[in-house]
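Let's take a friendly look at the aromatic rings in this protein chain and at the neighbours they keep. Have the structure open beside you as you read.

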Amino acid sequence: MKKDVVALGELLIDFTDNGISDQGNPVMEANPGGAPCNVLAMLTKLGHSTSFIGKVGNDMFGTQLEDALKEVGIGTEGLVKDDKIHTTLAFVHTFPDGDRDFSFYRNPGADMMLSENEINEELISNSRIFHFGSLSMTSEPAKSATIKALDIAEKSGSIISFDPNLREPLWESLEDAKREITYGLSWCDILKISDNEIIWFTGEEDFDKGVNKLWEQFPDIKMILVSMGRDGSSCYQKVEGQHSADVQVRKVTVEAFIQKNTIETTGAGDTFCAGILHYVLKNGLKIYTEEEMKEMLSFANAAASIVTTRKGALRVMPDMEEIIY
């Protein structure tokens, strides 16, 4: 059966602040998390067929995560359980402005242990879009599994979507992160990258210059999305001029929808990414007009803004009516 989007990567528990106990201790809520599944959850809410490929521990948290995927409608055919390594945990500290700091319990975590022979190849080869991030490339065997999955996706003609989703504490060094993210960039058709990530990767604080640097190194990327938090988002595509040698960059920027009752930004970038993939599934990956880019970004920004008003991400994605209201 053809799937609209299949994603590979981390599925974990995000422990988030939920008040103070009577004894003065912080109370933490165990939310299902992991960027690839957040993307799938939003796409599923928008009516698309999705499945996840990844690994959790054969423990209470692994069971909770599997149940959460089934609850929101994400296919679990590619989910594997590890009898020895526990489910990965992340503790999320939210600052007053809604930004976050992460502490990971992942040395190792089950998501790192997905091996090549555990990949559901049929799922990938029957996907319209294959989506991945960089955290499955922090260590073996998941790194080799990711490489194999990308090869299958490319050979089957899937559109490949990449969100680096840099989490510095999970890498041995930023040099390792840059090397593996470079590898991911060499495969993708669609790149979603945040403002801090493009500055880090390219050394350019001017995003237009940063995007040009990316295209110099990775000319086959068909569309680059830069998410800028409260400053909105931009879409870039290369457009041929009258002569085939003339290539111009088409860029559209759309302001963010600022919510007065923002709680946290967990999942906002993933929701934005899903909004973009939803537009691509509806319209195909092609050269969009400025009006189409504006429509796509406005939809994705609106979806992302709603998620910032809710705790968690995977279970609380907005539906179509909320987004277009």
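F15, F61, F91 and Y105 form one aromatic cluster in this predicted model. Across the whole model, the count of aromatic pairs comes to 9. The angle counts as stacked because it falls under 30 degrees.

Where do F15 and F91 lie along the chain? F15 belongs to strand β2 (residues 12-20) and F91 to strand β6 (residues 89-94), so their pairing ties together parts that are 76 residues apart in sequence. F15 has 12% relative accessibility and counts as buried, while F91, at 27%, counts as partly exposed.

Now let's move to another pair, F201 and F218, which is tilted. F201 is in helix α6 (residues 195-202), and F218 is in the loop between α7 (207-217) and β11 (223-227). The two residues are 17 apart, and the pair links distant parts of the chain. Are F201 and F218 buried or exposed? Both are buried.

Here are the two pairs side by side:

| Pair | Arrangement | Centre to centre | Angle between planes |
|---|---|---|---|
| F201 and F218 | tilted | 6.4 Å | 45° |

F201 has a charged neighbour too: K178 lies over the face of its ring, at 5.7 Å from the ring centre. K178 also lies over the face of W200, at 5.1 Å from that ring's centre.

Note on methods. Residues numbered from 1 in each chain as written. Predicted model: local features only at pLDDT ≥ 70, side-chain atom pairs only at ≥ 80, totals over all residues. Heavy atoms only, no water. Phe/Tyr/Trp six-rings, centres within 6.5 Å; stacked < 30°, edge-to-face > 60°. Helix = DSSP H or I, 4+ residues; strand = E, 2+ residues; numbered from the N terminus. Buried < 20%, exposed > 50% of the residue type's maximum accessible area, 1.4 Å probe, protein only. Lys NZ or Arg CZ within 6 Å of the ring centre and 35° of its normal.
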